[in-house]
Amino acid sequence: MHEQPVHILSTRPLPFALVEHAAKLGVVVDILTFIDVRPLPVEQVKPLLDPVTAEKAIVVFTSMNAVEAIGGMIDKRPEWKIYCIGRQTRTLVEQYFGTDSIAGTAESAGQLAMRILEDGVRGKLYFFCGDRRRDELPGKLREQGIAVDERVVYETKELPGIIERPYDGILFFSPSAVSSFFKSNNAGAGTILFAIGKTTAEEIRKYSNNRIHISEQAGKEQLLDEAVTCFRPGTTLRAEGPQWDN
């Protein structure tokens, strides 16, 4: 079908069925993980979480990892108003806390901070995050007099690795993965860099002038689908392809 296959590197694991289907379309996907994300132990998180669940609190998530870190520890849905970014993060919030809990969403942390300010939020809010959270959201809110109570519930460890071949495209799913990748690698001159959201794209621009494709849908499967369509116009992983888990 295609004499020369397209080679893509994913910096995060992807479902095998999805990778297999991409290969049938002439797109070879290699996977090399550049970060390790781990929830903190329950005995560390519960004392941070339990007092907040008893409040009618305003809560912020800018990462699906934070939602996953605490979601399984909550027996009864708290009366929270939740602000979050990203499609996948919102989906997890709906799963654990209900659709009615969502007070607002945005495409990036900075935009979410503006949304919170535009809604007239005052006083204090809780920000469940990782140990390497970025400054955009808490910084903007504190500048406007909002008290941001940060509660770290997961940690991110960089796993720098060296790529052994050039790639037509590289998929990035977080700023931390971008930082880890560029510690030991450079993108080839013609490599297209695919970013899951504007925050990740902004991190890429610190290291590379390559063309960046920003996904409008924050999901790892969707990002690969867009990369396949970019290199193989007229094709899509969703067309008669396997169903994948979010």
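Student: What makes the 25 residues a nonpolar core in this predicted model, and which of them touch the most other members?

Tutor: A nonpolar core is a set of buried residues of types such as Val, Phe, Ile and Trp, joined through side-chain atoms within 4.5 Å. In the largest such core, which has 25 residues, Val-59, Phe-61, Ile-70, Trp-80, Phe-97 and Phe-128 touch the most other members. Two or more residues each come from several elements, including helix 2 (42–53), helix 3 (64–71), helix 4 (87–97) and strand 7 (124–130). Helix 3 gives the largest share, 5 residues.

Student: Which residues does Trp-80 touch, leaving out those up to four places away in sequence?

Tutor: Among them are Val-59, Phe-61, Ile-70, Phe-97 and Phe-128, together with Leu-49, Val-52 and Ile-74. A second, separate core has 20 residues, including Val-6, Leu-25, Val-27 and Leu-171.

Student: Why is Ser-10 called buried?

Tutor: The limit for buried is under 20% relative accessible area. Ser-10 has 0% relative accessibility, and therefore counts as buried. This serine belongs to strand 1 (residues 6–10). Not counting residues up to four places away in sequence, Ser-10 touches Val-29, Asp-30, Ile-31, Leu-32, Leu-171 and Phe-173.

Student: What makes the pair of Ser-10 and Arg-12 a polar contact?

Tutor: The cut-off is 3.5 Å between N or O atoms. A polar atom of the Ser-10 side chain lies 2.6 Å from the backbone oxygen of Arg-12, so the pair falls within that cut-off.

Student: Is His-7 buried or exposed, and how is that known?

Tutor: His-7 has 17% relative accessibility; because buried means under 20%, His-7 counts as buried. His-7 also lies in strand 1. Leaving aside neighbours within four places in sequence, its contacts are Val-28, Arg-165, Tyr-167, Asp-168 and Gly-169. His-7 and Asp-30 are 23 residues apart in sequence, with their C-alpha atoms 7.5 Å apart in space.

Student: Why are Cys-84 and Cys-129 called buried?

Tutor: Cys-84 has 0% relative accessibility, and Cys-129 has a relative accessible area of 2%. Each value is under 20%, so Cys-84 and Cys-129 both count as buried.

Key. Residues are numbered from 1 along each chain as its sequence is written. This is a predicted model: local features need pLDDT of at least 70, side-chain atom pairs count only at pLDDT 80 or more; totals for chains, interfaces and linings use all residues. Side-chain values use heavy atoms; hydrogens and water are left out. Helices (H or I, at least four residues) and strands (E, at least two) are DSSP runs, numbered from the N terminus. Buried means under 20% relative accessible area, exposed over 50%, partly exposed in between (1.4 Å probe, protein chains only). A polar contact is a pair of N or O atoms within 3.5 Å; within protein, one must be able to donate a hydrogen and the other to accept it, and residues adjacent in sequence count only if both atoms are side-chain atoms. Contact means heavy atoms within 4.5 Å.
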